[in-house]
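Morning, everyone. Please open the structure on your screens, and keep the sequence beside it.

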Amino acid sequence: MKLNLRRLKLHPHESERFLIATAGDDRFLAELGGKFAVLITGETVVENTGSVFAVRGQVKTKVQVPCSRCLQPVIFPVDAALELVLTERSKNTGFDLDEDFIIFDGDEADISAEIGQAIFMALPLVYLCSDDCQGLCPVCGQDKNNQPCQCKEDTTDPRWAKLNDLR
Ligand SMILES: [Zn+2]
Ligand SMILES: [Zn+2]
């Protein structure tokens with residue numbers, strides 16, 4: 001997703017609105033075994049502050065991720081805020097590059113990576129296909145939502161078992 005700042009560059013202290021509609025890069029979800037289920041959409045307002053371009057916006061999409069208990073795919077809606085600062089390479093000499101500035105050349109600034117990152121950061125740590133998902137049996141691997149299995153889960157704390165042996 002590229003923002004074309006050609007017009008805004010000529011108008012310091014003005015803002016421009018950009019609509020976002022872009023395919024998500026699945027690499028940002030690879031760690032979760034997930035992928036984007038729909039396009040990423042949203043909008044941003046970019047302000048030319050006179051020295052940098054301040055980007056504020058909101059994006060949303062849906063991702064497909066495995067249920068944390070049973071591993072069945074779940075479609076999960078996600079909303080993320082975008083807050084970025086863009087600076088032109090030819091004008092960035094005065095800035096501290098340790099800060100999170102996105103440097104661009106020419107008229108277009110590519111913010112695809114920042115959008116992917118923002119969505120990844122907005123995802124919860126646990127997703128369930130339903131609140132009462134039974135998950136997989138830790139003994140035989142059966143998906144207990146489909147069919148209960150016959151395994152007896154050993155819920156005895158081994159430390160107590162030891163004590164019982166001593167009695
Ligand atoms: Zn589940
Ligand atoms: Zn089982």
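Which strands do the buried residues of helix 2 pack against? They pack against strand 4, strand 5 and strand 6.

Some ground rules. This is a predicted model: local features need pLDDT of at least 70, side-chain atom pairs count only at pLDDT 80 or more, and totals for chains, interfaces and linings use all residues. Residues are numbered from 1 along each chain as its sequence is written, while chains are lettered from A and ligands numbered from 1 in the order in which they are written.

Now, confidence. pLDDT is the predictor's confidence in each residue, on a scale from 0 to 100. The protein averages 89, and 86% of the residues score at least 70. Among the elements, strand 4 has the highest mean, 98. Helix 3, residues 158-166, has the lowest, 61.

Next, the layout. There are 3 helices and 8 strands. Helices here are DSSP runs of H or I with at least four residues, strands are runs of E with at least two, and both are numbered from the N terminus. Read along the sequence, the pattern is β-α-β-β-β-β-β-β-β-α-α.

How much is buried? Buried means 20 or more other C-beta atoms within 10 Å of the residue's own; exposed means 12 or fewer; partly exposed is in between; and the C-beta atoms are placed from the backbone. Of the 167 residues, 19% count as buried.

Contacts come next. Two residues are in contact if their C-beta atoms, placed from the backbone, lie within 7 Å. Take the contacts with a separation of 6 or more: residues 24 or more positions apart account for 55% of them.

Back to helix 2. Ile115, Gly116, Ala118 and Ile119 are buried there. Seen down the helix axis, these buried residues fall within an arc of 160 degrees, so they line one face of helix 2. That arc is taken over the directions from the helix axis to the C-beta atoms.

That brings us to the core. A nonpolar core is a set of buried Ala, Val, Leu, Ile, Met, Phe, Trp, Tyr and Cys residues joined through C-beta atoms within 7 Å. The largest one has 18 residues, and Val59, Ile111, Ile115 and Ile119 touch the most other members. Strand 4 (40-48), strand 5 (53-66), strand 6 (73-88) and helix 2 (112-122) each supply at least two residues of this core. Look at Val59. Leaving out residues up to four places away in sequence, Val59 touches several residues, including Ile20, Ile40, Leu82, Ile115 and Ile119.

Now follow strand 5. What lies on its covered face? Phe53, Val55, Gly57, Val59, Thr61, Val63 and Val65 do. The uncovered face has Ala54, Arg56, Gln58, Lys60, Lys62, Gln64 and Pro66. In a regular strand, side chains alternate between the two faces of the sheet.

Who are the partners of strand 5? Two strands pair if DSSP finds at least two bridges between them. Strand 6 pairs with strand 5 in the antiparallel sense, over 14 bridges. There, Lys60 stands opposite Asp79. Strand 4 pairs with strand 5 in the antiparallel sense too, over 8 bridges. Glu43 has Gln58 as its bridge partner. Strand 3, residues 35-36, is antiparallel to strand 5 over 2 bridges, and Phe36 stands opposite Val63.

One parallel pairing to note. Strand 6 and strand 7, residues 101-104, pair in the parallel sense over 4 bridges. Thr87 stands opposite Ile103 there.

Now the turns. Strand 4 and strand 5 form a hairpin with 4 residues between them, and Gly50 in the turn has a positive phi of about 105 degrees. Strand 5 and strand 6 form a hairpin with 6 residues between them. In that turn, Leu71 has a positive phi of about 70 degrees. Most residues other than glycine have a negative phi. Leu71 is partly exposed, with 15 C-beta neighbours inside 10 Å. His13 also has a positive phi, near 65 degrees. Find His13 in the loop between helix 1 (6-9) and strand 2 (15-22). Is His13 buried or exposed? His13 is exposed, because 8 other C-beta atoms lie within 10 Å.

Last stop, Ala54 in strand 5. Its C-alpha atom is 4.7 Å from that of Val85, 31 residues away along the chain. Thanks, all.
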